[in-house]
Amino acid sequence: MVKELTSKAGHGFEWIDVAHPEKEELQKIAWKYKLHETSVHDCLQPDHLPKYEAVDGYSFIIFRIYAEQQDLEADTVQELTDKIAIFYSKDYIITIHREEQKMISEMYSLVSSNKLKSMNALLNTLIKNCLLTYDGPSSKIAKAIDYYEENVFLRNRKVSLLKPLYYLRRKIDLVRRMLILSSDIIDHIDTEEQGNVNTRDTRDLYVKLQSVYDGLYDNINQLLNAYFSTSSQRTNEIMRVLTIFSVFFMPLTFIVGIYGMNFKYMPELEWHFGYPGVLILMGIITVGIYIWFKKKGWL
């Protein structure tokens with residue numbers, strides 16, 4: 001669906017917004033604004049990564065924003081992010097996206113109220129709003145890491161946390177890559193010639209988000225390492241207990257094995273106190289092993 005949000009006569013530039021783009025609609029727009037076919041092809045690819053490209057007569061941007069609706073086990077570019085393609089020049093800006101975006105209507109309100117008076121101001125605000133989609137989720141991810149950290153160190157967990165930790169790490173890693181790939185976009189928005197206070201603010205937000213997600217990535221990696229360490233420690237503790245039990249029963253099993261042999265002529269078989277004598281011997285061995293373990297500090 002194609003919407004003409006602003007006109008050159010009324011605002012000094014044209015703003016065309018295309019939601020749920022059809023190939024025929026894009027071909028008409030491409031013919032009118034002389035857009036290169038490779039750019040149109042890229043904007044139709046649902047999993048295309050962020051990019052900035054300068055073409056004759058216009059610039060082309062693909063930005064990935066954090067998806068509002070996603071599954072808990074989402075771990076791909078398409079599942080975690082939505083794509084916005086932007087064509088712009090000094091006379092027009094064209095935004096193309098598959099899903100309806102709330103930020104588009106909010107920015108249209110700003111343009112209508114003359115709070116965004118130029119195409120560059122609109123472009124900068126659009127990029128800034130795209131970046132802001134990553135700001136809220138960073139707080140949720142930080143809380144999730146705190147929750148899992150508490151479960152790893154302080155609680156006797158009965159369910160494995162490896163799967164949710166994997167998906168959380170995957171999400172953070174993908175967002176980091178999206179931000180890294182978006183650096184060219186920020187550099188071309190905040191240039192020495194066109195940069196101003198607003199574009200500097202957008203760059204500051206970008207640097208802040210990079211720092212936040214780098215910190216989250218380090219935290220989740222440390223938490224995973226701690227999880228494996230504690231899991232290994234618990235396994236070692238279980239093996240230690242089982243080993244101690246086996247040490248207690250090894251000499252007892254040895255004695256029982258000897259007296260369980262079916263030989264006719266064996267000492268103590270005809271002895272009246274043989275049975276209680278063997279039980280007493282087993283008890284002495286057990287107590288001796290217990291005292292030995294206590295002295296070694298193994299119990």
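Me: By class, what lines the largest pocket?
Reply: The lining has 10 nonpolar, two polar and six charged residues. Ala, Val, Leu, Ile, Met, Phe, Trp, Tyr, Cys and Pro count as nonpolar, Asp, Glu, Lys and Arg as charged, and the others, Gly among them, as polar. The model is predicted: local features need pLDDT of at least 70, side-chain atom pairs count only at pLDDT 80 or more, and totals for chains, interfaces and linings use all residues. Residues are numbered from 1 along each chain as its sequence is written, and side-chain values use heavy atoms, without hydrogens and water.

Me: What volume does the largest pocket have?
Reply: About 450 Å³. A pocket is an open set of points on a 1 Å grid over the protein atoms alone, with protein on both sides within 12 Å along at least five of seven lines; lining residues have an atom within 4 Å of a point. Points are joined across faces, edges and corners, and a volume is the space filled by probe spheres set on them.

Me: Now cavities. How many of 30 Å³ or more?
Reply: One. A cavity is a set of grid points where a 1.4 Å probe fits but cannot get out.

Me: Which residues line the largest cavity?
Reply: Pro21, Cys43, Leu44, Lys83, Ile96, His97 and Arg98. Helix H3 (37–44) and strand E6 (92–97) are the elements giving two or more residues to that lining.

Key: Helix = DSSP H or I, 4+ residues; strand = E, 2+ residues; numbered from the N terminus.
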